[in-house]
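Colleague: I would like to learn how to read the places where chains touch. Can you take me through a case?

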Amino acid sequence: MWKFVTGKLLQYVIVIMLMLTLNFLLPRLMPGNPLVFLAGEDVGFMTSKEKEAILEKHGLNDSIVQQYGTYLKNIFTGDFGFSYQQKRPIIELLKERLPWTMLLTGLGLVLSTIIGVLFGTISAWRRGTKTDANLLTMFMFLSAMPSFWVGMILVSVFSAQLGWLPVFGAESAWSNLKGMDRFIDIVKHLILPLTTLVLISVTSTFMIMRYSMLNVLGEDYIMMAKAKGVKEKVIKYKHAMRNALLPVATVFMLSLGFTLGGATVIETVFAYPGVGRLMFESVLSRDYPLIQATFLIITFSVVIANFLADLIYPILDPKVGKHNG
Amino acid sequence: MSTVLSVENLSTFFKTDKGIAKAVENVSFSVDEGEMLGLIGESGCGKTTVAQSILRLIEYPGKVVAGSVYLNGKNLLKATDSDLTGLRWREISVIPQSAMNALNPVYTVGDQIIEAILLHDNVNKKEAVERTKKLLELVGIDGERWKSYPHEFSGGMKQRVAIAMALACNPKLVISDESTTGLDVLTQAQVISLIKNLQKKMNLSVILISHDLPMVTSICDRIAIMYAGNLVEWASTEEILKNAEHPYSKALLNATPDLSNPEREVTSIPGSVPNLVNIPTCCRFHTRCPYAFDRCRQETPEFKEIKPGHYVACFLEEEQNG
Amino acid sequence: MDKQKWKHYWRVLSSNNLGLFGVALLVIFLCIALFAPFIAPFDPTERVGSPFMKPNGVFLLGTNDIGQDIFSELLYGTRVSLLIGVIAALISIILGCLIGVIAGYFGGKVDSFLMRLVDLVLVIPFLPLMILLAAFIGPSFWNIVLVISLISWASPARVIRSQVLTLKTKGYVEAARSIGTGIGVILTRHILPGVIPIALSQFVLAASHSILIEASLSFLGLGDPFTKSWGTILYYAQARGAFLTDAWIWWVLPPGLLLTTLVIGFAFTGYSLEEILNPRLRKER
Ligand SMILES: Nc1ncnc2c1ncn2[C@@H]1O[C@H](COP(=O)(O)OP(=O)(O)OP(=O)(O)O)[C@@H](O)[C@H]1O
Ligand code: SF4
Ligand SMILES: [Mg+2]
C-alpha cells in the first residue's frame, strides 16, 4: 500500500512541478513585453518607477535560474502575486472564491457519482432491454450538450421565464440574510449551477459503471452467489456493485479535472463567484497573473483531491489495501 | 438405494449470431444416494451446461427447452424462485469449474461461507463463524484464516475453500465441475482425494465432471459419457471398463494412457467435434466413428438400456442383434 | 481480403440503426458546411437588419445585437465547428497513434515512461489549462486547434497502445521479428492495419470532444475573433443578456441544439464503430 501511495505521490509532485514550470515560462517566453504578462495590461499607465519595482519584485534582472527560485519560493509561501487590475493580493481573491467552487464541485461530484452509479447498475442489470437502451441514449445526449448552453437554457426557463430561481450569484447581494434564511438563499442560488454540473458530468460515471457492471455480472462469483441462493437484490448491490465500483473510483479521479473545468464554464454562466468565474474575469481583463494563479489553484485542488481519492481506494479494493499494509 | 437426482430428456439450447446451438439435447441419467457419478467428455461437449441446467443457472442467450430434473422427487425446472432459494445449497451445491474466480475478491472467504450458512440455517453469526472454521479445517486449511481475502490464498487453497463452501449447509448432492482445472497434477490429486474422502464421510451424492478418464474410473461408482451435447453411454464403472459399447467410449478407453498428461487421451481421437449450431438430425459422432453407416447420418440413435443399468446410444448393437 | 473486411464492417454498420443515424447526421452537417454560401440568405458578417429583431419572414431567427442575421450565422458556424473538431481530432489522433505505437511496440522502459506521461497529462484539468494557454498564445483558429490537440492525445494513446500490445502477442508479429524483418515492414504490414480501425473510432470520439471544447473556449471569449462559431454566437448572446429575454428561443436555443446534434452524430458513429471493430462488446452476454 505504501508503495502504491508513494508512487502516486511522486506522480502528483511531477504534475505540480511541470505546471509550475509552465507557469513560470509562459510570461517569459511569449513574444511581447513580459511586463504585460506579469502585471496585466495596465502597465502602459505605469510610471517607470513602478515598472522598475515590478521588475525588481519578480527579479527580472536576475539570471533565469534565480528567477525560477524566487518564483517557487513565492508560490510555496502562498504569495501568488498581485492583481494590478483588482488592486489586491491574489491570494486574498482566491481565499474569497475557493469555498464557493468547493461547494459547487464537491456536491456536483458526489451527486453525479451517486446518480451515475445507480443508473449504470440498473442499465447493466437489464442489459439488452428497452430500459437499458433508453438510459444509454439519454446519457449519450446529456454528454453531447455543451455545459454552458445547458446552464443558459436552465436560467432562461427557470429564472427568466418562470421566475422560480435566482439568476445570478451565490447569494442575494445586500440582503444581510442570517442563519436559516441565508442557507435557503444559498441553496436556491446553488440549484441551477449544480444541476447543470451534474447533468454534464454524470455520463462518464454512468458509462463506466455500466460497462464494469456488465463485466462483473459475467464473473463466476456472481453465478456462485446465485447458486448459493442469495437474493437478486443482494447479489446486485452486495456482490456485483461493490466490485464494479473499483473502475468507477479510477474514473472518479479522472473526472475531477473535468468537473472542475466544467465548473469554470458553469460558474461563468451563472456569475457564480468561484475560482472558475474568477478565471473568466481575469481572461476578460487580460489580468495574466490572475489567470495563472487561478489555473494553479485549480490544478492544486485536482491533485489534492486525487491524492485523497488514492488514500480511500485501498478501502474499496482489499488487494491494494492489505499488501504490506 | 434411493435416487437423489434424476435428469430426464434434458435439452438446453443457446441462441447465437449464426443460429441455435444445441449444447445439450435429450440427456437422461440419475444419481443415487451416496453415489459418485463421473460425467466425462471433451471440452465443449456440454458438461457445464448440464450442471447449470440442473442448478437453474442458465441465462440468456441460453434456455432449457425441454426435460425435467427431479431432486428428491421435486421438479427443479418447475420450482418457483422461493422454492429454489430453499433448495439451493441445502439440497444441492456446486464446486464451480474455476474456483479461482468463484470467490468474490472484495470479501473475505469466511464472509462468503458465512453468507451461505446464515442464508439457509437458523443460526447466529457466532455459530456460523464456528462452523466456517470447522469447514476450513475439514478441507485442510487453518480455521483462523477465515478472515483472509481470496487473493491471499494459493490456487489449490482457493479450490479447498470452494469445497468447504459447497459443504457449508450439508447438501445431499454436490456437483463438482472440473474443480481441478488450472492446478498442478499433485494438487489435482490431493483435491480429488479430498472430495472422495468427504463424500464417503458425509454420505454425499456427487456428480464429478471431468475430462480425465483414468481419474474418473478410479474413484467413481458410475460413469456417464457425453459427446457433442448427447449422452452416449452410461453404466457402472466396472461395466464401462469391461464392456463399453459405444465406439466413442471405446476410443476413449483405448487411447494410450499417459499419466503425465491425462488430457491427451481424450483429444487423441482423430477428427474433431461437430459444430453444434443448427446441427442436423444424425448420430453426432458419425464424422469420427470408424463404424458409421448410412443410418447414422440420417437418424439420431435412441439412448436405451441394453443390459440392466447399461445405457447406450448407438445403432451398432441394434444392427448386430437383429 | 481487405475489401471484404470493409464490406463486412459496412454490413454491420448498416444493420446498426444508431450508427446509420450518426453517419446520416454527419453527412447533413457536412453538406451544410460545404454549401453554406448557397443556403444562407445573408452574409453573416454584414449588418443586414436592425439590432435585436424578432424572427420574421426575412430573418428566420431574427438578428443579433449588431443586426446580423442569426440564421446565416448558424449555417456558417457549422464550418468552424466541424473544421476545428476534425483537424484537432486528426492531430491528436496522429500524436496518440505515434505515442501509443511506440510505447506498445518497444515496451519496457520506453513504454513505462510514455504511459507515466499519459497518466500525468490525464490528471491535469484540461479546460483550465486550455484557457491559460489560449489566453497567453492569443486567440486564433490555429492556436485553438493546437491547444486542443496538444492536450487530447493522451487517452487515444493509451487505447492504441493496448491494441498494439494485443497485436504483438499474435504469432505473426513475433515470427516476423524473429526472422529479422525490418521495423518498417512489421509496422506497415502487421501493426498499422490492426491499429487503424481503432484509431478511426477514437478519432470520431476525439472530434466530438474537440467540438465541445472549441465551443467552451469560444464561449469564454477565447475563440478566433475573425470567424464565427456556434460558441461565439452564444458568447454574444450571453454578453448581451439574450438568455434573460424572449430572445433565448431564437438566439440561445438553436446554436446549442446544433452543437448537441453534431456531437451526437459523432458519438453515435463512434459508438457503433467501436461495436463493429470490437466484437467482444457486441452482443454482450
Ligand atoms: N453463453 C453461451 N452462448 C453460446 N453458446 C454457449 C454459451 N455457453 C456455452 N455455449 C456452448 O455450449 C456448448 C457446451 O459448453 P459447455 O461449457 O457446457 O462445455 P463443457 O463440456 O463444460 O466444456 P469444458 O470442458 O471446456 O468446460 C459449447 O459448444 C459452447 O459453445
Ligand atoms: S450410431 Fe453409428 S456413427 Fe454413431 S456411434 Fe454408433 S455406429 Fe458410430
Ligand atoms: Mg465446463
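Colleague: How many residue pairs are in polar contact across the interface of chain A and chain B?

Modeller: First, a caution: this is a predicted model. The rule finds 12 residue pairs in polar contact across the interface of chain A and chain B, both residues at pLDDT 80 or more.

Colleague: Which parts of chain A supply the side that touches chain B?

Modeller: Look for elements that give at least two residues. Here they are helix H9 (220-227), H10 and helix H13 (318-322) of chain A. H9(A) has the largest share, with 6 residues.

Colleague: How much area do chain A and chain B bury between them?

Modeller: About 2400 Å², with 59% of it on carbon and sulfur atoms. Then ask who supplies it. A:Met224, A:Lys226 and A:Lys228 give 28% of the area that chain A buries against chain B, more than any other three residues. In residues, 21 of chain A are in contact with 26 of chain B.

Colleague: Now for the other partner. How many residues of chain A are in contact with chain C?

Modeller: Count both sides. 60 residues of chain A are in contact with 47 residues of chain C. The buried area between these two chains is about 4700 Å², and carbon and sulfur atoms give 79% of it.

Colleague: Which helices of chain A supply at least two residues each to that side?

Modeller: There is a list of them. It includes helix H1 (2-29), helix H8 (179-217), helix H10 (232-269) and helix H12 (288-316) of chain A. H1(A) gives the most, with 10 residues.

Colleague: How many salt bridges does the rule find across the interface of chain A and chain C?

Modeller: The rule finds 0 salt bridges there. Between chain A and chain C it is 0 residue pairs, with both residues at pLDDT 80 or more.

How values were computed
Residues are numbered from 1 along each chain as its sequence is written. Chains are lettered from A and ligands numbered from 1 in the order in which they are written. This is a predicted model: local features need pLDDT of at least 70, side-chain atom pairs count only at pLDDT 80 or more; totals for chains, interfaces and linings use all residues. Side-chain values use heavy atoms; hydrogens and water are left out. Contact means heavy atoms within 4.5 Å. Buried area is the accessible area (1.4 Å probe) that two parts lose on being put together, summed over both. A salt bridge is a side-chain nitrogen of Lys or Arg within 4 Å of a carboxyl oxygen of Asp or Glu. A polar contact is a pair of N or O atoms within 3.5 Å; within protein, one must be able to donate a hydrogen and the other to accept it, and residues adjacent in sequence count only if both atoms are side-chain atoms. Helices (H or I, at least four residues) and strands (E, at least two) are DSSP runs, numbered from the N terminus.
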